[in-house]
Amino acid sequence: MAKVYPEKRQGNVIGYVADLGKQPNGKRLKKFFKTVAEAESFIGSHEKEPLDAGFLHDHKNEFLHSYERCKEMGVSLNDVVEFYSKHGARKGNPAIQAVIDSLLAGMERAGRKPTYIVSISKHLSKFTLYVGKDTLIGDVTEEKVTNFVFKKHEHVAAVTKMNLIRNLSVLFNYAIKKNFIGFNPVSKVDKPSVKFEVPKVLTPEDFVTLLNRCLKKKWDDRLTVFILVGFCGIRTQEACQLTWSDIDLDNSKVTVPARVAKKGSFRRNVIPENAMKWLRLIRDDRRKGAIIGNNSVALLRSAVKYAHISHTKNCLRHSFCSYALENGMPLADVVAMMGHNGNPAMINSHYRNIVEPKAAKKWWAIAPSQAAA
């Protein structure tokens, strides 16, 4: 007969045991609880819906399979149930692709920038290809994530590995929020060590070559993007989403609206006089719409290729920051023009003193008159 009795240690009651008596296999079924109410509730639920022999027989294979999996991990079936209950998973265990689709749809509804949604979608698609789109979200382990980041992407830079980890964390934190899973397997993955490297910058001579190539070919769209990045500190991705109406040549200002800004923060940057000389050369007030087409990446890459210059990703924006600081622009102004929401001290330590004062003077003197140089 089922009963509840106190469990004592050194004379003190530490909890209560629900004793369900002998089972058909001859063993007693007992379970420990911290309170008498929990123990009595357990007995009550068992007496209402006991597991009969027929049910056990029908689910024998399922129980044995689960038991073997638990044994491999060194835990009991009860441990698994307790863990699942404590971590609040209530809505099942959907396939990873279904969770990704739900995440991206939610981002779109919330008004996240299309470029960010596309970026995170690409990273997550790579992961689903690796583990299988029908893999259940709760079956993704720390080991699978580690292998994806460090084995599948063994030869990529540490910064890229960190981006993979961040995007996967977004996915699993979303799954936790929706109660699909109880914990984030990415949280236990070791983070790669990102070593500081001196930012690559463009030389004034190479920038002159690039701008003149665009001017000669009448690539006004590419010329404008390069000017906005190199002289105004705007991100390339932001510059490619601007329209001609965002450039106010009468007041020497360029607006980066919230719809375009990476962090959603509106800013209005001053266009320096040397940059204005380039923009006045190609001024056409009849222009409407986007500065550059949807194939901006290919267009900019081709311009760099045919200029035959030494150019690396983001080096033009790095150049703006480095040459601006070296030429005496206040740090606060540099940070504001770049739309950088991070620590200003990082900008100062990363970009100051990596170019010579003479080169900085040349940079801010680059003008169309140098076309013949």
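**Figure 1. Accessible surface and overall make-up of the protein chain.** The protein chain exposes about 22,300 Å², of which carbon and sulfur atoms supply 53%; accessible areas come from the Shrake-Rupley method with a 1.4 Å probe, and for residues only the protein chains shown count as cover. This is a predicted model, in which local features need pLDDT of at least 70 and side-chain atom pairs count only at pLDDT 80 or more, whereas totals for chains, interfaces and linings use all residues. Residues are numbered from 1 along each chain as its sequence is written, and side-chain values use heavy atoms, with hydrogens and water left out. The chain has 17 helices and six strands; helices (H or I, at least four residues) and strands (E, at least two) are DSSP runs numbered from the N terminus. Of its 373 residues, 38% count as buried, where buried means under 20% relative accessible area, exposed over 50%, and partly exposed in between (1.4 Å probe, protein chains only).

**Figure 2. Helix α6 and its buried side.** Ile 117, Ile 120, His 123, Leu 124, Phe 127, Thr 128 and Val 131 of α6 are buried. They lie on the same side of α6, because they cover an arc of only 145° around the axis, the arc being that of the directions from the helix axis to the C-beta atoms. These buried residues pack against α5 (96-109), α7 (142-152) and α8 (158-177), with contact meaning heavy atoms within 4.5 Å. The face turned away from the buried side carries the exposed residues Pro 114, Lys 122 and Leu 129. Just after α6, Gly 132 takes a positive phi of about 100°.

**Figure 3. Two asparagines with positive phi.** Most residues other than glycine have a negative phi. Asn 179, in the loop between α8 and α9, has a positive phi of about 65° although it is not a glycine. Asn 179 is partly exposed, at 30% relative accessibility. Asn 353 lies in the loop between α16 (344-351) and α17, and its phi is near 70°. At 63% relative accessibility, Asn 353 counts as exposed.

**Figure 4. Salt bridge between Glu 238 and Arg 267**. The structure holds twelve salt bridges, each a side-chain nitrogen of Lys or Arg within 4 Å of a carboxyl oxygen of Asp or Glu. In one of them, the side chains of Glu 238 and Arg 267 meet at 2.6 Å, N to O. The pair links distant parts of the chain, 29 residues apart: Glu 238 belongs to helix α11 (residues 236-239) and Arg 267 to strand β6 (residues 267-270). Glu 238 is buried at 1% relative accessibility, and Arg 267 is buried at 8% relative accessible area. Arg 235, Glu 238 and Arg 267 are linked in a network of salt bridges.

Figure 5. In helix α12 (residues 273-281), the buried residues are Asn 274, Ala 275, Met 276, Trp 278 and Leu 279. These pack against α9 (204-217), α10 (220-232), β4 (247-248) and α17 (357-363). Glu 273 is partly exposed, with a relative accessible area of 44%, as is Arg 280, with 41%.
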